[in-house]
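Please look over the sequence and the structure shown here before reading the notes that follow. They take up a few topics in turn.

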Protein chains: 2
Amino acid sequence: MGRVKLTVAYDGTAYSGWQIQPNAVTVEGVLTDALSRLLQEPVALLGASRTDAGVHALGNVAAFDTEHPIPPEKIAYAVNAYLPDDIRVMRSEAVAPDFHPRFDCYEKCYEYRITIGAFASPLTRLYAHHQRRPLDVAAMEQAAQAFVGTHDFSSFCSAGAQVQDKVRTISSLHVQELERLAEDGEDGGSLVAIRVVGNGFLYNMVRILAGTLMQVGNHERRPEEMSAVLEAKDRRKAGPTAPAKGLRLCYIRYGEEKSHNK
Amino acid sequence: MGRVKLTVAYDGTAYSGWQIQPNAVTVEGVLTDALSRLLQEPVALLGASRTDAGVHALGNVAAFDTEHPIPPEKIAYAVNAYLPDDIRVMRSEAVAPDFHPRFDCYEKCYEYRITIGAFASPLTRLYAHHQRRPLDVAAMEQAAQAFVGTHDFSSFCSAGAQVQDKVRTISSLHVQELERLAEDGEDGGSLVAIRVVGNGFLYNMVRILAGTLMQVGNHERRPEEMSAVLEAKDRRKAGPTAPAKGLRLCYIRYGEEKSHNK
(Lines give C-alpha, C1' and ligand atoms only; values in the text may rest on other atoms or scores of the structure.)
Protein backbone atom coordinates (compact mmCIF):
# COMPACT_ATOMS: atom_id res chain seq x y z
CA MET A 1 0.00 0.00 0.00
CA GLY A 2 1.18 3.52 0.73
CA ARG A 3 -0.24 6.74 2.07
CA VAL A 4 -3.86 6.88 3.24
CA LYS A 5 -5.92 10.03 3.79
CA LEU A 6 -8.58 10.02 6.52
CA THR A 7 -11.47 12.48 6.85
CA VAL A 8 -12.21 12.56 10.58
CA ALA A 9 -15.27 13.88 12.44
CA TYR A 10 -15.41 14.21 16.20
CA ASP A 11 -17.30 15.61 19.13
CA GLY A 12 -14.46 17.39 20.94
CA THR A 13 -16.26 17.53 24.30
CA ALA A 14 -14.39 14.63 25.88
CA TYR A 15 -10.97 15.32 24.38
CA SER A 16 -7.95 17.46 25.21
CA GLY A 17 -7.83 18.52 21.57
CA TRP A 18 -6.38 16.80 18.53
CA GLN A 19 -2.68 16.53 19.25
CA ILE A 20 -1.14 13.67 21.22
CA GLN A 21 0.16 14.82 24.60
CA PRO A 22 1.19 13.03 27.80
CA ASN A 23 -1.47 12.22 30.40
CA ALA A 24 -4.37 13.41 28.27
CA VAL A 25 -6.94 11.75 26.05
CA THR A 26 -6.70 13.26 22.58
CA VAL A 27 -8.38 12.56 19.25
CA GLU A 28 -5.05 11.84 17.58
CA GLY A 29 -4.10 9.49 20.40
CA VAL A 30 -7.34 7.50 20.30
CA LEU A 31 -7.29 7.35 16.49
CA THR A 32 -3.65 6.26 16.41
CA ASP A 33 -4.38 3.46 18.89
CA ALA A 34 -7.41 2.30 16.90
CA LEU A 35 -5.47 2.22 13.62
CA SER A 36 -2.55 0.39 15.23
CA ARG A 37 -4.88 -2.24 16.65
CA LEU A 38 -6.70 -2.66 13.33
CA LEU A 39 -3.57 -2.85 11.19
CA GLN A 40 -1.38 -4.60 13.77
CA GLU A 41 1.48 -2.23 13.09
CA PRO A 42 2.71 1.08 14.54
CA VAL A 43 0.93 4.06 12.98
CA ALA A 44 2.15 7.67 12.92
CA LEU A 45 -0.45 10.23 11.86
CA LEU A 46 0.17 13.46 10.00
CA GLY A 47 -2.60 15.86 11.01
CA ALA A 48 -4.04 18.84 9.16
CA SER A 49 -5.40 20.89 12.03
CA ARG A 50 -4.44 20.70 15.71
CA THR A 51 -7.84 21.66 17.08
CA ASP A 52 -7.95 22.78 20.73
CA ALA A 53 -9.63 20.99 23.63
CA GLY A 54 -13.40 21.06 23.19
CA VAL A 55 -13.36 22.07 19.51
CA HIS A 56 -15.40 19.87 17.16
CA ALA A 57 -14.75 18.67 13.63
CA LEU A 58 -16.87 17.46 10.75
CA GLY A 59 -13.90 17.00 8.46
CA ASN A 60 -10.43 17.24 9.94
CA VAL A 61 -7.87 15.37 7.81
CA ALA A 62 -5.04 13.04 8.73
CA ALA A 63 -2.74 10.75 6.74
CA PHE A 64 -0.46 7.82 7.49
CA ASP A 65 1.61 5.20 5.70
CA THR A 66 0.87 1.51 5.91
CA GLU A 67 1.98 -1.75 4.34
CA HIS A 68 -1.25 -3.52 5.29
CA PRO A 69 -3.10 -5.13 2.36
CA ILE A 70 -6.56 -3.79 3.35
CA PRO A 71 -8.04 -1.65 0.55
CA PRO A 72 -7.62 1.99 1.62
CA GLU A 73 -11.30 2.86 1.15
CA LYS A 74 -12.27 0.03 3.54
CA ILE A 75 -10.21 1.42 6.43
CA ALA A 76 -12.99 3.84 7.46
CA TYR A 77 -15.46 0.97 7.89
CA ALA A 78 -12.95 -1.20 9.72
CA VAL A 79 -11.40 1.35 12.08
CA ASN A 80 -14.75 2.77 13.21
CA ALA A 81 -15.34 -0.56 14.98
CA TYR A 82 -12.31 0.28 17.14
CA LEU A 83 -13.34 3.87 17.84
CA PRO A 84 -15.74 5.38 20.40
CA ASP A 85 -18.82 6.87 18.73
CA ASP A 86 -17.66 10.44 19.34
CA ILE A 87 -14.91 9.89 16.76
CA ARG A 88 -15.75 8.65 13.24
CA VAL A 89 -13.54 8.24 10.21
CA MET A 90 -16.02 9.43 7.59
CA ARG A 91 -13.87 8.50 4.59
CA SER A 92 -10.54 6.84 3.81
CA GLU A 93 -8.71 6.87 0.48
CA ALA A 94 -5.33 6.31 -1.12
CA VAL A 95 -3.30 9.43 -1.85
CA ALA A 96 0.07 10.28 -3.34
CA PRO A 97 3.06 9.24 -1.17
CA ASP A 98 4.01 12.88 -0.63
CA PHE A 99 0.50 14.12 0.29
CA HIS A 100 0.64 16.18 3.49
CA PRO A 101 -2.64 17.12 5.24
CA ARG A 102 -1.27 20.38 6.63
CA PHE A 103 0.96 21.70 3.87
CA ASP A 104 -1.06 20.69 0.82
CA CYS A 105 -4.42 22.14 1.81
CA TYR A 106 -5.61 25.20 -0.08
CA GLU A 107 -8.85 25.93 1.77
CA LYS A 108 -10.23 25.43 5.27
CA CYS A 109 -13.69 26.23 6.56
CA TYR A 110 -14.62 26.78 10.20
CA GLU A 111 -17.96 27.67 11.75
CA TYR A 112 -18.53 29.33 15.13
CA ARG A 113 -22.02 28.86 16.60
CA ILE A 114 -23.75 31.03 19.19
CA THR A 115 -27.19 30.29 20.63
CA ILE A 116 -29.30 33.16 21.93
CA GLY A 117 -32.05 32.82 24.52
CA ALA A 118 -32.87 32.96 28.20
CA PHE A 119 -31.18 29.61 28.79
CA ALA A 120 -28.83 27.30 26.86
CA SER A 121 -30.82 24.47 25.28
CA PRO A 122 -29.70 21.03 26.55
CA LEU A 123 -29.64 19.76 22.95
CA THR A 124 -27.09 22.32 21.72
CA ARG A 125 -25.22 23.02 24.98
CA LEU A 126 -22.11 21.13 23.88
CA TYR A 127 -21.97 22.48 20.32
CA ALA A 128 -22.51 26.22 20.65
CA HIS A 129 -21.56 29.14 22.85
CA HIS A 130 -24.60 30.63 24.56
CA GLN A 131 -25.53 34.17 25.48
CA ARG A 132 -28.77 35.77 26.62
CA ARG A 133 -28.81 39.07 24.78
CA PRO A 134 -29.66 39.20 21.09
CA LEU A 135 -26.80 39.78 18.65
CA ASP A 136 -26.90 42.49 16.00
CA VAL A 137 -26.22 40.11 13.14
CA ALA A 138 -26.27 42.85 10.48
CA ALA A 139 -23.54 44.77 12.33
CA MET A 140 -21.48 41.58 12.70
CA GLU A 141 -21.82 40.85 8.97
CA GLN A 142 -20.71 44.39 8.15
CA ALA A 143 -17.73 44.12 10.52
CA ALA A 144 -16.76 40.73 9.13
CA GLN A 145 -16.15 42.14 5.64
CA ALA A 146 -13.12 44.08 6.96
CA PHE A 147 -11.33 40.75 7.42
CA VAL A 148 -11.96 39.38 3.94
CA GLY A 149 -8.87 39.44 1.76
CA THR A 150 -5.15 39.08 2.48
CA HIS A 151 -4.08 40.65 5.78
CA ASP A 152 -1.53 40.38 8.55
CA PHE A 153 -3.66 38.77 11.28
CA SER A 154 -1.21 39.32 14.17
CA SER A 155 -4.02 40.95 16.21
CA PHE A 156 -5.93 37.66 15.92
CA CYS A 157 -3.17 35.27 16.97
CA SER A 158 -2.74 34.00 20.53
CA ALA A 159 0.67 34.24 22.17
CA GLY A 160 2.57 31.01 21.92
CA ALA A 161 2.13 30.67 18.18
CA GLN A 162 5.36 29.58 16.57
CA VAL A 163 4.77 30.81 13.04
CA GLN A 164 6.56 33.96 11.87
CA ASP A 165 4.40 34.80 8.89
CA LYS A 166 1.05 36.09 10.16
CA VAL A 167 -0.33 36.90 6.71
CA ARG A 168 -3.39 34.85 5.76
CA THR A 169 -6.14 35.14 3.18
CA ILE A 170 -9.81 34.93 4.14
CA SER A 171 -11.88 34.30 1.02
CA SER A 172 -15.28 34.39 2.69
CA LEU A 173 -16.61 35.39 6.13
CA HIS A 174 -20.32 35.55 6.82
CA VAL A 175 -22.52 35.90 9.88
CA GLN A 176 -26.08 34.65 9.68
CA GLU A 177 -29.01 33.48 11.75
CA LEU A 178 -29.20 29.76 10.95
CA GLU A 179 -32.45 28.46 12.40
CA ARG A 180 -34.96 29.06 15.11
CA LEU A 181 -34.23 26.80 18.06
CA ALA A 182 -37.50 27.08 19.91
CA GLU A 183 -40.26 25.53 17.93
CA ASP A 184 -43.25 26.99 19.74
CA GLY A 185 -42.39 30.55 18.75
CA GLU A 186 -42.81 31.52 22.36
CA ASP A 187 -39.62 30.79 24.23
CA GLY A 188 -37.57 32.53 21.56
CA GLY A 189 -34.02 31.53 20.88
CA SER A 190 -31.98 31.57 17.74
CA LEU A 191 -28.68 30.27 16.39
CA VAL A 192 -26.09 32.62 14.93
CA ALA A 193 -23.31 31.12 12.82
CA ILE A 194 -20.03 32.78 11.85
CA ARG A 195 -18.67 30.88 8.85
CA VAL A 196 -15.18 31.57 7.61
CA VAL A 197 -13.25 30.15 4.66
CA GLY A 198 -9.55 30.83 4.16
CA ASN A 199 -6.23 29.40 3.05
CA GLY A 200 -5.07 28.89 6.64
CA PHE A 201 -5.58 30.19 10.15
CA LEU A 202 -3.27 31.23 12.98
CA TYR A 203 -3.45 29.84 16.51
CA ASN A 204 -6.90 30.68 17.95
CA MET A 205 -7.56 33.01 14.99
CA VAL A 206 -11.15 31.91 14.37
CA ARG A 207 -12.04 32.05 18.07
CA ILE A 208 -10.55 35.57 18.37
CA LEU A 209 -12.40 36.68 15.23
CA ALA A 210 -15.59 35.25 16.78
CA GLY A 211 -14.94 36.98 20.12
CA THR A 212 -14.35 40.28 18.35
CA LEU A 213 -17.42 39.95 16.12
CA MET A 214 -19.53 39.12 19.19
CA GLN A 215 -18.40 42.42 20.73
CA VAL A 216 -19.74 44.13 17.59
CA GLY A 217 -22.97 42.12 17.85
CA ASN A 218 -23.30 43.24 21.48
CA HIS A 219 -22.70 46.90 20.48
CA GLU A 220 -19.49 47.04 22.50
CA ARG A 221 -17.56 47.93 19.32
CA ARG A 222 -18.51 49.43 15.98
CA PRO A 223 -18.00 47.64 12.65
CA GLU A 224 -15.88 50.60 11.50
CA GLU A 225 -13.24 49.81 14.14
CA MET A 226 -12.24 46.49 12.59
CA SER A 227 -9.72 47.86 10.09
CA ALA A 228 -7.84 49.60 12.91
CA VAL A 229 -7.77 46.37 14.93
CA LEU A 230 -6.19 44.58 11.97
CA GLU A 231 -3.71 47.38 11.33
CA ALA A 232 -2.57 47.47 14.98
CA LYS A 233 -1.06 43.97 14.64
CA ASP A 234 -1.54 43.71 18.41
CA ARG A 235 -3.43 40.86 20.08
CA ARG A 236 -4.60 43.24 22.82
CA LYS A 237 -6.60 45.32 20.33
CA ALA A 238 -8.86 42.43 19.34
CA GLY A 239 -11.65 40.89 21.42
CA PRO A 240 -11.49 37.84 23.70
CA THR A 241 -10.95 34.29 22.51
CA ALA A 242 -14.45 32.82 22.22
CA PRO A 243 -15.07 29.51 24.09
CA ALA A 244 -13.91 26.33 22.33
CA LYS A 245 -17.20 24.42 22.23
CA GLY A 246 -18.75 26.90 19.76
CA LEU A 247 -16.13 26.10 17.13
CA ARG A 248 -16.28 23.35 14.50
CA LEU A 249 -13.85 22.61 11.70
CA CYS A 250 -16.17 21.98 8.75
CA TYR A 251 -13.90 20.91 5.91
CA ILE A 252 -10.42 21.09 4.41
CA ARG A 253 -9.92 21.12 0.65
CA TYR A 254 -6.97 19.86 -1.36
CA GLY A 255 -5.94 19.98 -4.98
CA GLU A 256 -6.99 17.01 -7.07
CA GLU A 257 -3.49 15.98 -8.10
CA LYS A 258 -2.27 14.60 -4.79
CA SER A 259 -5.31 13.85 -2.73
CA HIS A 260 -7.47 11.56 -4.83
CA ASN A 261 -7.47 8.09 -6.28
CA LYS A 262 -3.79 7.38 -6.33
CA MET B 1 -48.53 31.42 45.71
CA GLY B 2 -50.26 28.61 43.90
CA ARG B 3 -49.77 26.48 40.83
CA VAL B 4 -46.67 26.99 38.69
CA LYS B 5 -46.20 25.77 35.11
CA LEU B 6 -42.69 24.78 33.96
CA THR B 7 -41.54 24.40 30.35
CA VAL B 8 -38.74 21.83 30.51
CA ALA B 9 -36.05 20.97 27.94
CA TYR B 10 -33.74 18.01 28.30
CA ASP B 11 -31.19 15.82 26.61
CA GLY B 12 -32.68 12.40 27.37
CA THR B 13 -29.43 10.50 26.76
CA ALA B 14 -28.52 10.06 30.42
CA TYR B 15 -32.03 9.45 31.77
CA SER B 16 -34.38 6.51 32.19
CA GLY B 17 -37.17 8.67 30.78
CA TRP B 18 -39.36 11.31 32.43
CA GLN B 19 -41.27 9.42 35.08
CA ILE B 20 -39.93 8.79 38.57
CA GLN B 21 -39.13 5.12 39.15
CA PRO B 22 -37.13 3.19 41.74
CA ASN B 23 -33.40 2.72 41.17
CA ALA B 24 -33.25 4.86 38.06
CA VAL B 25 -32.24 8.44 37.30
CA THR B 26 -35.20 10.18 35.66
CA VAL B 27 -35.87 13.74 34.52
CA GLU B 28 -38.85 14.05 36.84
CA GLY B 29 -36.78 12.74 39.73
CA VAL B 30 -33.89 15.14 39.19
CA LEU B 31 -36.25 18.08 38.63
CA THR B 32 -38.31 17.25 41.72
CA ASP B 33 -35.15 17.12 43.85
CA ALA B 34 -33.88 20.43 42.46
CA LEU B 35 -37.22 22.20 43.12
CA SER B 36 -37.43 20.75 46.64
CA ARG B 37 -33.94 21.98 47.44
CA LEU B 38 -34.64 25.43 46.00
CA LEU B 39 -38.01 25.89 47.70
CA GLN B 40 -37.15 23.97 50.89
CA GLU B 41 -40.44 22.10 50.76
CA PRO B 42 -41.66 18.80 49.29
CA VAL B 43 -42.64 19.15 45.63
CA ALA B 44 -44.92 16.84 43.64
CA LEU B 45 -44.87 17.35 39.88
CA LEU B 46 -47.75 16.84 37.47
CA GLY B 47 -46.22 15.95 34.12
CA ALA B 48 -47.61 16.38 30.62
CA SER B 49 -45.72 13.70 28.74
CA ARG B 50 -43.97 10.64 30.16
CA THR B 51 -41.23 10.46 27.56
CA ASP B 52 -39.32 7.17 27.33
CA ALA B 53 -35.67 6.57 28.16
CA GLY B 54 -33.45 8.37 25.67
CA VAL B 55 -36.18 10.61 24.25
CA HIS B 56 -35.40 14.35 24.21
CA ALA B 57 -37.58 17.38 24.85
CA LEU B 58 -37.48 21.03 23.92
CA GLY B 59 -40.71 21.81 25.70
CA ASN B 60 -42.20 19.19 27.97
CA VAL B 61 -44.49 20.73 30.59
CA ALA B 62 -44.90 20.12 34.31
CA ALA B 63 -46.76 21.87 37.11
CA PHE B 64 -46.65 21.92 40.89
CA ASP B 65 -48.11 23.78 43.84
CA THR B 66 -46.03 25.84 46.21
CA GLU B 67 -46.45 28.29 49.07
CA HIS B 68 -42.99 29.76 48.56
CA PRO B 69 -42.95 33.56 48.07
CA ILE B 70 -40.53 33.50 45.09
CA PRO B 71 -42.14 35.10 42.00
CA PRO B 72 -43.20 32.24 39.71
CA GLU B 73 -41.41 33.64 36.68
CA LYS B 74 -38.12 33.67 38.64
CA ILE B 75 -38.23 29.95 39.41
CA ALA B 76 -36.69 29.03 36.03
CA TYR B 77 -33.63 31.18 36.74
CA ALA B 78 -33.28 29.91 40.29
CA VAL B 79 -33.87 26.19 39.77
CA ASN B 80 -31.47 25.94 36.81
CA ALA B 81 -28.64 26.55 39.29
CA TYR B 82 -29.65 23.27 40.96
CA LEU B 83 -29.97 21.30 37.73
CA PRO B 84 -27.37 19.54 35.56
CA ASP B 85 -26.92 21.26 32.19
CA ASP B 86 -28.75 18.49 30.32
CA ILE B 87 -32.01 19.63 31.99
CA ARG B 88 -33.14 23.26 31.75
CA VAL B 89 -36.35 24.88 32.88
CA MET B 90 -36.82 27.24 29.94
CA ARG B 91 -39.76 29.13 31.44
CA SER B 92 -41.81 29.26 34.63
CA GLU B 93 -45.13 31.02 35.15
CA ALA B 94 -48.17 31.17 37.40
CA VAL B 95 -51.23 29.28 36.17
CA ALA B 96 -54.78 28.63 37.37
CA PRO B 97 -55.00 26.34 40.43
CA ASP B 98 -56.74 23.66 38.35
CA PHE B 99 -54.31 23.73 35.41
CA HIS B 100 -53.25 20.19 34.51
CA PRO B 101 -50.32 19.69 32.07
CA ARG B 102 -51.67 16.41 30.71
CA PHE B 103 -55.42 16.91 30.61
CA ASP B 104 -55.58 20.55 29.53
CA CYS B 105 -53.28 20.38 26.52
CA TYR B 106 -54.88 20.72 23.11
CA GLU B 107 -51.85 20.23 20.88
CA LYS B 108 -48.52 18.41 21.02
CA CYS B 109 -45.73 18.41 18.49
CA TYR B 110 -43.06 15.73 18.16
CA GLU B 111 -40.21 15.43 15.70
CA TYR B 112 -38.37 12.25 14.69
CA ARG B 113 -34.93 12.77 13.14
CA ILE B 114 -33.01 10.39 10.90
CA THR B 115 -29.51 11.06 9.58
CA ILE B 116 -28.44 9.43 6.32
CA GLY B 117 -24.84 8.74 5.34
CA ALA B 118 -22.04 6.21 5.42
CA PHE B 119 -21.45 6.82 9.14
CA ALA B 120 -23.31 8.55 11.97
CA SER B 121 -21.84 12.00 12.57
CA PRO B 122 -20.42 12.36 16.11
CA LEU B 123 -22.21 15.72 16.44
CA THR B 124 -25.70 14.31 15.88
CA ARG B 125 -25.19 10.74 17.11
CA LEU B 126 -27.20 11.30 20.29
CA TYR B 127 -30.06 13.24 18.70
CA ALA B 128 -31.00 11.27 15.60
CA HIS B 129 -31.44 7.72 14.38
CA HIS B 130 -28.92 6.88 11.67
CA GLN B 131 -29.15 4.73 8.57
CA ARG B 132 -26.91 4.31 5.56
CA ARG B 133 -29.35 4.01 2.70
CA PRO B 134 -31.14 7.07 1.35
CA LEU B 135 -34.82 7.48 2.26
CA ASP B 136 -37.48 8.13 -0.35
CA VAL B 137 -38.78 11.26 1.35
CA ALA B 138 -41.51 11.87 -1.24
CA ALA B 139 -42.96 8.38 -0.65
CA MET B 140 -42.81 8.93 3.12
CA GLU B 141 -44.62 12.25 2.77
CA GLN B 142 -47.30 10.61 0.64
CA ALA B 143 -47.72 7.76 3.15
CA ALA B 144 -47.88 10.19 6.06
CA GLN B 145 -51.02 11.85 4.73
CA ALA B 146 -53.01 8.64 5.42
CA PHE B 147 -52.58 9.30 9.14
CA VAL B 148 -53.79 12.90 9.13
CA GLY B 149 -57.26 13.28 10.62
CA THR B 150 -59.15 11.44 13.35
CA HIS B 151 -58.45 7.70 13.44
CA ASP B 152 -58.30 4.72 15.77
CA PHE B 153 -54.52 4.33 16.14
CA SER B 154 -54.57 0.88 17.82
CA SER B 155 -52.07 -0.37 15.20
CA PHE B 156 -49.66 2.29 16.43
CA CYS B 157 -49.86 1.65 20.17
CA SER B 158 -47.43 -0.56 22.05
CA ALA B 159 -48.77 -3.30 24.30
CA GLY B 160 -48.94 -2.21 27.90
CA ALA B 161 -50.84 0.96 27.17
CA GLN B 162 -53.59 1.45 29.72
CA VAL B 163 -55.90 3.72 27.77
CA GLN B 164 -59.07 2.28 26.29
CA ASP B 165 -59.82 4.98 23.75
CA LYS B 166 -57.31 4.70 20.92
CA VAL B 167 -58.86 7.44 18.80
CA ARG B 168 -56.59 10.44 18.26
CA THR B 169 -56.48 13.34 15.83
CA ILE B 170 -53.36 14.19 13.87
CA SER B 171 -53.66 17.70 12.48
CA SER B 172 -50.36 17.75 10.60
CA LEU B 173 -47.72 15.17 9.64
CA HIS B 174 -44.86 16.05 7.33
CA VAL B 175 -41.61 14.42 6.25
CA GLN B 176 -38.86 16.63 4.93
CA GLU B 177 -35.14 16.85 4.36
CA LEU B 178 -34.03 19.44 6.90
CA GLU B 179 -30.42 20.34 6.13
CA ARG B 180 -27.28 18.99 4.61
CA LEU B 181 -25.02 17.64 7.34
CA ALA B 182 -21.79 17.39 5.41
CA GLU B 183 -20.55 20.78 4.48
CA ASP B 184 -18.03 19.83 1.84
CA GLY B 185 -20.63 18.42 -0.53
CA GLU B 186 -18.47 15.34 -0.84
CA ASP B 187 -19.16 13.02 2.05
CA GLY B 188 -22.90 13.34 1.54
CA GLY B 189 -25.29 12.96 4.40
CA SER B 190 -28.64 14.51 5.07
CA LEU B 191 -31.16 14.87 7.87
CA VAL B 192 -34.74 13.72 7.43
CA ALA B 193 -37.33 14.97 9.93
CA ILE B 194 -40.79 13.55 10.54
CA ARG B 195 -42.83 16.24 12.27
CA VAL B 196 -46.22 15.44 13.71
CA VAL B 197 -48.80 17.63 15.45
CA GLY B 198 -51.86 16.20 17.15
CA ASN B 199 -54.19 16.44 20.12
CA GLY B 200 -52.53 13.51 21.88
CA PHE B 201 -50.49 10.39 21.22
CA LEU B 202 -50.71 6.79 22.40
CA TYR B 203 -47.81 4.92 24.03
CA ASN B 204 -44.93 4.77 21.49
CA MET B 205 -47.27 6.06 18.77
CA VAL B 206 -44.81 8.54 17.23
CA ARG B 207 -41.96 6.02 17.25
CA ILE B 208 -44.17 3.37 15.58
CA LEU B 209 -45.35 5.91 13.00
CA ALA B 210 -41.67 6.76 12.37
CA GLY B 211 -40.69 3.08 12.10
CA THR B 212 -43.53 2.47 9.62
CA LEU B 213 -42.73 5.55 7.54
CA MET B 214 -39.07 4.52 7.41
CA GLN B 215 -40.18 1.19 5.91
CA VAL B 216 -41.93 3.22 3.20
CA GLY B 217 -38.81 5.34 2.74
CA ASN B 218 -36.77 2.16 2.37
CA HIS B 219 -39.26 0.77 -0.21
CA GLU B 220 -40.21 -2.11 2.07
CA ARG B 221 -43.82 -0.91 2.01
CA ARG B 222 -45.89 1.19 -0.34
CA PRO B 223 -47.60 4.44 0.72
CA GLU B 224 -50.94 2.95 -0.40
CA GLU B 225 -50.73 0.29 2.35
CA MET B 226 -51.03 2.80 5.18
CA SER B 227 -54.85 2.95 5.26
CA ALA B 228 -55.03 -0.83 5.65
CA VAL B 229 -52.52 -0.71 8.51
CA LEU B 230 -54.72 1.83 10.30
CA GLU B 231 -57.89 -0.14 9.63
CA ALA B 232 -56.41 -3.40 10.95
CA LYS B 233 -56.24 -1.94 14.49
CA ASP B 234 -53.46 -4.48 15.08
CA ARG B 235 -50.00 -3.51 16.35
CA ARG B 236 -48.45 -6.34 14.33
CA LYS B 237 -49.50 -4.73 11.05
CA ALA B 238 -47.44 -1.58 11.63
CA GLY B 239 -43.65 -1.25 11.43
CA PRO B 240 -41.12 -1.46 14.25
CA THR B 241 -40.80 1.06 17.07
CA ALA B 242 -38.04 3.43 15.93
CA PRO B 243 -35.15 3.99 18.39
CA ALA B 244 -35.74 6.50 21.20
CA LYS B 245 -32.85 8.88 20.57
CA GLY B 246 -34.34 10.09 17.26
CA LEU B 247 -37.43 11.43 19.02
CA ARG B 248 -37.88 14.91 20.52
CA LEU B 249 -40.97 16.44 22.09
CA CYS B 250 -41.00 19.92 20.56
CA TYR B 251 -43.87 21.71 22.26
CA ILE B 252 -47.21 21.37 24.03
CA ARG B 253 -49.92 23.99 23.62
CA TYR B 254 -52.65 24.98 26.05
CA GLY B 255 -55.65 27.26 25.95
CA GLU B 256 -55.07 30.79 27.18
CA GLU B 257 -57.66 30.69 29.96
CA LYS B 258 -55.85 28.40 32.38
CA SER B 259 -52.23 28.45 31.42
CA HIS B 260 -51.16 32.07 31.41
CA ASN B 261 -50.69 34.94 33.81
CA LYS B 262 -52.86 33.83 36.65
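At what angle do the axes of helix α3 and helix α4 of chain B cross? In this predicted model, the axes of helix α3 (residues 137-144) of chain B and helix α4 (residues 205-217) of chain B cross at roughly 135°, and they come within 8 Å. Because angles over 145 degrees count as roughly antiparallel and 65 to 115 as roughly perpendicular, this angle makes α3(B) oblique to α4(B).

**The helix pair in chain B**
- The crossing of α3(B) and α4(B) is right-handed.
- On the side of α3(B), the contact is made by B:Ala139, B:Met140, B:Ala143 and B:Ala144, while α4(B) contributes B:Leu213, B:Met214, B:Val216 and B:Gly217.
- Sorted by class, the residues of this contact of α3(B) with α4(B) are 7 nonpolar and 1 polar, with no charged residues.

**The helix pair in chain A**
- In chain A, the axes of helix α3 (residues 137-144) and helix α4 (residues 205-217) come within 8 Å and cross at roughly 135°, which makes α3(A) oblique to α4(A).
- The crossing of α3(A) and α4(A) is right-handed, and the residues that make the contact are A:Ala139, A:Met140, A:Ala143 and A:Ala144 of α3(A) together with A:Leu213, A:Met214, A:Val216 and A:Gly217 of α4(A).
- The contact of α3(A) with α4(A) has 7 nonpolar residues, 1 polar residue and no charged residues.

**How the two chains are related**
- Chain A is superposed on chain B by a rotation of 180° with 0.0 Å of shift along its axis, and the RMSD is 0.0 Å.
- That is the relation of a two-fold axis.
- Of the interface residues of chain A, 100% are also interface residues in chain B, so the copies meet through the same surface.

- B:Arg168 is found in strand β8 (residues 167-180) of chain B.
- Is B:Arg168 buried or exposed? With a relative accessible area of 16%, B:Arg168 is buried, because buried means under 20% relative accessible area.
- Although B:Arg168 and B:Leu202 are 34 residues apart in sequence, their C-alpha atoms are 8.1 Å apart in space.
- Leaving aside residues up to four places away in sequence, B:Arg168 touches several residues, among them B:Gly149, B:Thr150, B:His151, B:Phe153 and B:Val163, and also B:Asn199, B:Gly200, B:Phe201, B:Leu202 and B:Met205.

How values were computed:
Residues are numbered from 1 along each chain as its sequence is written. Chains are lettered from A and ligands numbered from 1 in the order in which they are written. This is a predicted model: local features need pLDDT of at least 70, side-chain atom pairs count only at pLDDT 80 or more; totals for chains, interfaces and linings use all residues. Side-chain values use heavy atoms; hydrogens and water are left out. Copies are superposed by least squares on the C-alpha atoms of residues with pLDDT of at least 70 in both. Contact means heavy atoms within 4.5 Å. Axes are lines fitted to C-alpha atoms, for helices over the stretch in contact, and angles run from 0 to 180 degrees between N-to-C directions. Helices (H or I, at least four residues) and strands (E, at least two) are DSSP runs, numbered from the N terminus. Angles under 35 degrees count as roughly parallel, over 145 as roughly antiparallel, 65 to 115 as roughly perpendicular and the rest as oblique. A crossing is left-handed if the near helix is turned anticlockwise from the far one by less than a right angle, and right-handed if clockwise. Ala, Val, Leu, Ile, Met, Phe, Trp, Tyr, Cys and Pro count as nonpolar, Asp, Glu, Lys and Arg as charged, and the others, Gly among them, as polar. Buried means under 20% relative accessible area, exposed over 50%, partly exposed in between (1.4 Å probe, protein chains only).
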